[in-house]
Every structure is written in C-alpha cells, then in structure tokens.
Amino acid sequence: MASSTLSSIAPSQLCSSKNGMYSPSKALLRPSRTHVAGKDRRMKVRCMATSIPADDRVPDMGKRQLMNLLLLGTISLPTVGMLVPYGAFFVPPGSGGAGGGLVAKDATGNDVIADEWLKTHGPGDRTLTQGLKGDPTYLVVENDRTLATYGINAVCTHLGCVVPWNAAENKFICPCHGSQYNYQGKVVRGPAPLSLALVHADIDDGKVIFVPWVETDFRNGEDPWWA
C-alpha cells in the first residue's frame with residue numbers, strides 16, 4: 001500500500017517549515033501537526049510537490065561544451081602569460097642588423113667593438129666569443145691586423161666538445177677524441193667527419209656582427225652542411 005502511494009507522488013517535493021527542510025519521504029509519513037519534546041507548541045509543516053522534467057535538471061551538451069571552453073580559456077591565459085617571459089629569456093637578443101645577425105659578445109658579455117678588439121688581439125689571434133644561438137665562436141684576426149670576414153664555430157663535429165685553438169701547432173685540436181682542424185676550421189684528422197661551421201663576421205656601427213653563413217664553404221667548395 002505504501003509503495004503504491006509513493007509511486008503516485010510527483011518526482012520531487014519541496015517541504016519547508018519553521019524549523020528547516022524535510023525530505024519528501026519524511027513529509028509523506030509525518031502528520032502536519034507534531035509534538036516537539038513533549039511541549040504543547042505545535043508547528044505547521046507545508047509541503048509543495050513540484051514536478052521538474054529530467055531534461056531541465058541535466059545541462060545539455062551545448063552548455064557543457066561552453067563551460068569546458070570557458071574553463072580552458074581561464075586556465076590557458078594565465079599559463080601563457082607566465083611562459084612567454086621565460087621563453088623570451090632563452091632567445092638570444094637581436095642585434096638589429098640585417099640577415100638575422102647578432103652582435104658578438106666577449107667573455108664578460110659585452111658587445112665586441114672592432115677597433116677596441118684589435119688593440120688587444122694581435123695577428124693570428126683566435127679568441128672565443130659568443131656567437132649565433134649562443135655557440136662559442138672564434139673571432140679571427142688576420143696577419144694584416146684586420147678582422148677576418150668569417151668566424152669559426154668552436155663546437156666539434158664529432159661529439160660536440162668545444163675545440164681549443166693550439167697556437168703552437170697552428171690548428172684546432174679537440175681534447176676529447178683528438179680531432180684536428182686547420183687554422184680555418186677545416187677538418188684534417190678524424191674522428192670528426194666535418195669541418196667546423198662558419199659564420200659571417202661583419203662590422204656594423206663599429207660592432208662585430210655574426211650573420212649566418214649560407215653560401216658555399218670556401219674551404220672545400222661544398223654547400224655548408226650546417227645551413
């Protein structure tokens with residue numbers, strides 16, 4: 001009998017009273033007038049039965065997708081805002097010159113000024129500077145005390161060690177596995193398979209500018225393997 005009575009009731013009921021909310025099941029079983037802890041005062045319970053279609057209780061797919069997009073946008077915008085400064089930190093600053101060049105930096109991080117450099121570096125000198133992509137790059141002083149129009153990337157083509165200049169033997173000798181390169185960076189002894197990469201060394205407004213080398217390698221007449 002109780003089950004048949006319950007099944008005829010609307011899908012949901014809202015019950016309220018002065019003392020709080022009542023669930024639908026309790027509202028069906030309890031009388032509208034009750035005694036509280038043996039006291040004479042009585043309270044009235046008013047129940048309202050409402051019927052809410054199931055479709056109105058569950059958001060449709062369009063609303064779900066909209067909420068998901070809003071949530072994704074809320075999370076993405078602050079994340080991108082934080083990542084951009086970090087990404088910019090690792091990108092080498094541009095020199096403002098043509099061809100995507102960068103100003104050469106000395107060991108202390110200062111711009112290399114051509115005239116100042118030649119005052120302290122004599123003929124035949126090969127000293128490391130910071131080049132494209134932050135790679136160590138040799139700035140070459142010719143025998144006539146002028147800067148060479150090319151720079152030599154110091155990263156060994158075997159396993160990536162930095163190759164020092166050996167002035168006594170007039171060539172670059174890798175300390176890792178013995179690879180050797182001549183005074184222009186051309187490989188003369190393995191296990192390195194390729195010559196050291198080249199960059200253009202231009203002068204703009206008194207500063208040395210390294211520019212990517214994409215032309216034929218003048219040392220062997222071949223296309224540059226690094227371009």
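Is Ala227 buried or exposed? Ala227 is exposed, because its relative accessible area is 65%, and exposed means over 50%, buried under 20%, and partly exposed in between (1.4 Å probe, protein chains only). This is a predicted model, in which local features need pLDDT of at least 70, side-chain atom pairs count only at pLDDT 80 or more, and totals for chains, interfaces and linings use all residues. Residues are numbered from 1 along each chain as its sequence is written, and side-chain values use heavy atoms, with hydrogens and water left out.

**View 1. Ala227 and its contacts.** Ala227 sits in the segment after β15 (207–212). Strands (E, at least two residues) and helices (H or I, at least four) are DSSP runs, numbered from the N terminus. Ala227 touches Trp213 and Val214, leaving aside residues up to four places away in sequence. Contact here means heavy atoms within 4.5 Å. Trp213 is 14 residues from Ala227 along the chain, and their C-alpha atoms are 7.1 Å apart.

View 2. Side chains of opposite charge can pair when their charged atoms come close. A salt bridge is a side-chain nitrogen of Lys or Arg within 4 Å of a carboxyl oxygen of Asp or Glu. The structure holds five salt bridges. One of them joins the side chains of Asp111 and Lys207, at 3.0 Å from N to O. Asp111 lies in the loop between β6 (102–103) and α5 (114–120), and Lys207 in strand β15, so this pair ties together parts that are 96 residues apart in sequence. Asp111 counts as partly exposed, because its relative accessibility is 26%. Lys207 is also partly exposed, with a relative accessible area of 29%.

View 3. Which helix holds both Glu116 and Lys119? Both lie in helix α5, three residues apart, which is about one turn of the helix. Glu116 is partly exposed, at 45% relative accessibility. Lys119 is exposed, because its relative accessible area is 61%.

View 4. The side chains of Lys171 and Glu169 form a salt bridge, 3.9 Å from N to O. Glu169 is partly exposed, with a relative accessible area of 45%. Elsewhere, salt bridges that share partners link Lys105, Asp111 and Lys207 into one network.
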